[in-house]
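This report describes a helix pairing and a set of charged side-chain pairs.

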Amino acid sequence: MTDLQIAKENLAGHTICLCKDGKCLYSEKRGIAPMMDFIGNGVDLRGFSVADLIVGKAAAMLFARSGIVGVFAKTLSKSGKAILEKYGIPFSYDVLTERIINRDGTAICPMEKAVAHAEDFEEAYELLKSKLKELASAKTLG
C-alpha cells in the first residue's frame with residue numbers, strides 16, 4: 001500500500017492525514033491551520049503524501065512549499081488543481097469545484113482570497129501568515 005493510500009484510508013475522523021514510510025500525522029483543525037502549524041513547528045514534510053478534505057490554492061501552495069509528493073482531496077478547487085499541476089504534484093480528488101467558499105457560505109474563502117494573485121509558494125506562505133495574524137487580531141478586538 002502506498003503512502004497516499006494509507007493517508008486516504010486514515011482520513012476518516014480527521015481533516016487531514018499526512019503519511020510517509022508508515023508514519024502518519026493527523027489533525028482535526030480546519031482549513032489551512034494544520035499545514036501552517038506543521039510548517040511553523042518546523043516539521044519536515046518532504047516526501048509525505050496528503051489526504052485532505054478541502055484543497056484550494058492556499059493549501060496547494062503550502063503542499064508545494066513543504067515538498068509533498070502526492071495529494072488526495074475530497075474537494076479540490078480549480079485553482080488548487082492548477083497549482084498542483086504547476087509544481088508537478090500528482091493528485092486525485094472526489095469533487096472538482098470552481099472555488100472554495102468561506103465557512104458561512106457567503107463569499108470566497110479568506111485564505112483563497114489572500115493568495116489569489118500569488119505566483120509562488122513562498123509569497124503565498126507569507127500572505128497566509130499575514131492573513132492569519134490579521135484574523136487573530138480581529139478576533140481579540142471583537
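## Packing of H3 and H4

How closely do the axes of helix H3 and helix H4 come, and at what angle do they cross? In this predicted model, the axes of helix H3 (residues 57–66) and helix H4 (residues 78–86) come within 7 Å and cross at roughly 20 degrees, which makes H3 roughly parallel to H4 (angles under 35 degrees count as roughly parallel). The crossing of the two helices, H3 and H4, is right-handed.

Contact, meaning heavy atoms within 4.5 Å, is made by Lys57, Ala60, Met61 and Phe63 on the H3 side and by Ser79, Gly80, Ile83 and Leu84 on the H4 side. These residues of the H3 contact with H4 divide into five nonpolar, two polar and one charged, with Gly counted among the polar ones.

## Salt bridges

The whole structure holds eight salt bridges, each a side-chain nitrogen of Lys or Arg within 4 Å of a carboxyl oxygen of Asp or Glu. One of them joins lysine 74 to aspartate 94 at 3.9 Å, N to O, and this pair links distant parts of the chain, with lysine 74 in strand E4 (residues 70–77) and aspartate 94 in strand E5 (residues 91–97), 20 residues apart.

Another pairs glutamate 126 with lysine 129, the closest N and O atoms being 3.5 Å apart; both residues lie in helix H6 (residues 121–141), three residues apart, about one turn of the helix.

## Basis of the values

Local features need pLDDT of at least 70, and side-chain atom pairs count only at pLDDT 80 or more, whereas totals for chains, interfaces and linings use all residues. Residues are numbered from 1 along each chain as its sequence is written, and side-chain values use heavy atoms, with hydrogens and water left out.

Terms used: Axes fitted to C-alpha atoms, helices over the stretch in contact; angles between N-to-C directions. Helix = DSSP H or I, 4+ residues; strand = E, 2+ residues; numbered from the N terminus. Parallel < 35°, antiparallel > 145°, perpendicular 65-115°, else oblique. Left-handed = near helix turned anticlockwise from the far one by under 90°.
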